[in-house]
Structure formats: structure tokens, C-alpha cells
Amino acid sequence: MATKKAKKATKKVAKKAAKPKKAAPKKAAKKAAPKKKRAPNPAFMRPLTPSGDLAAVIGNKPVPRTEAVKKMWEYIRKNNLQDAKNRRMINADGNLKAVFAGKGQVSMFDMAKHLNKHLK
């Protein structure tokens, strides 16, 4: 009996090995769509009028919010107002103190929040 079972087992193995596996159907390669240049959000590009306090720093012409931030950074770098040890902090001079609600030092991440109050 043991030999019959062994023969059946070898036949099953032989049958399994004999069956060739079918190759999986290949998927058609998708062509990447050409990248479009991103259009800026019109809300960011709308000119806003700076308040009197902010005008002392960036000028009194209406500018988009992005330009106002760039001009603030130009002013900060020109006057060396970034903290030497902690570069994330901005030390306010007389003009910036009015923009930063009287604070002597503001985080660069909070600068946009304070800037927002002075743009209409």
C-alpha cells in the first residue's frame, strides 16, 4: 500500500511540474502627460495696499502679498536683523516694532501673520 501512495504522489508532482505557467498579460505602459506650468493663484497676485507702519519698511505702493514678504526679507537682511544664535528669530528695529505689534523679537513663521494685519 505504501508503494501505491508513493507512486500516486510522484504522478501528481510530475503533472504539476509538467504544466507550463502562462505569462501574465502585460499592461500597456501609460504615457506621461506633458507637465503644464503651474499658474499662480490669483488671490496671491492681487495688489494690496500696505498700512502706514508697513509702508515705512516696504514702500507705499500696492504690492502682492508674496512681494511684500520678499521686501520684508530684503529689509531684514539689509539691516542685519536676524538673530545671530537663533536664525529663526527676527529682531525688530523701530520700523518693524510697529509692524510686529510692539514685540521686540518675532519668529520668521509669525512674521506672515503680523504682515497680514497691515495689508488691505
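His118 is buried, with a relative accessible area of 13%; buried means under 20% relative accessible area, exposed over 50%, and partly exposed in between, with a 1.4 Å probe and protein chains only. The model is predicted: local features need pLDDT of at least 70, side-chain atom pairs count only at pLDDT 80 or more, and totals for chains, interfaces and linings use all residues. Residues are numbered from 1 along each chain as its sequence is written, and side-chain values use heavy atoms, with hydrogens and water left out.

His118 sits in the segment after helix 6 (108–116). Helices (H or I, at least four residues) and strands (E, at least two) are DSSP runs, numbered from the N terminus. A polar atom of the His118 side chain lies 3.1 Å from the backbone oxygen of Val99. Apart from neighbours within four places in sequence, His118 is in contact (heavy atoms within 4.5 Å) with Thr49, Pro50, Ser51, Asp53, Leu54, Ala98 and Val99.

By contrast with the buried His118, Pro42 is exposed, with a relative accessible area of 62%.

| Residue | Location | Relative accessible area |
|---|---|---|
| Pro42 | helix 2 (residues 42–45) | 62% |
| His118 | segment after helix 6 (108–116) | 13% |

Pro42 and Pro64 are 22 residues apart in sequence, and their C-alpha atoms are 9.8 Å apart in space.

The axes of helix 4 (residues 65–78) and helix 6 come within 11 Å and cross at roughly 125°. Helix 4 is therefore oblique to helix 6. Axes are lines fitted to C-alpha atoms, for helices over the stretch in contact, and angles run from 0 to 180 degrees between N-to-C directions. Angles under 35 degrees count as roughly parallel, over 145 as roughly antiparallel, 65 to 115 as roughly perpendicular, and the rest as oblique. The crossing of these two helices is right-handed. Helix 4 contributes Arg65, Ala68, Val69, Met72, Trp73 and Ile76 to the meeting, and helix 6 contributes Met108, Met111, Leu115 and Asn116.

For the protein chain as a whole, the secondary structure comes to six helices and two strands, in the order α-α-α-α-β-α-β-α from the N terminus on. Of its 120 residues, 24% count as buried. Among contacts in the protein chain with a separation of 6 or more, 30% are between residues 24 or more positions apart. The chain exposes about 10,100 Å², with carbon and sulfur atoms supplying 57% of it.

Note on methods
Areas by Shrake-Rupley, 256 points an atom, 1.4 Å probe, with all protein chains shown as cover. Polar contact = N/O pair within 3.5 Å; in protein donor to acceptor, adjacent residues only side chain to side chain. Left-handed = near helix turned anticlockwise from the far one by under 90°.
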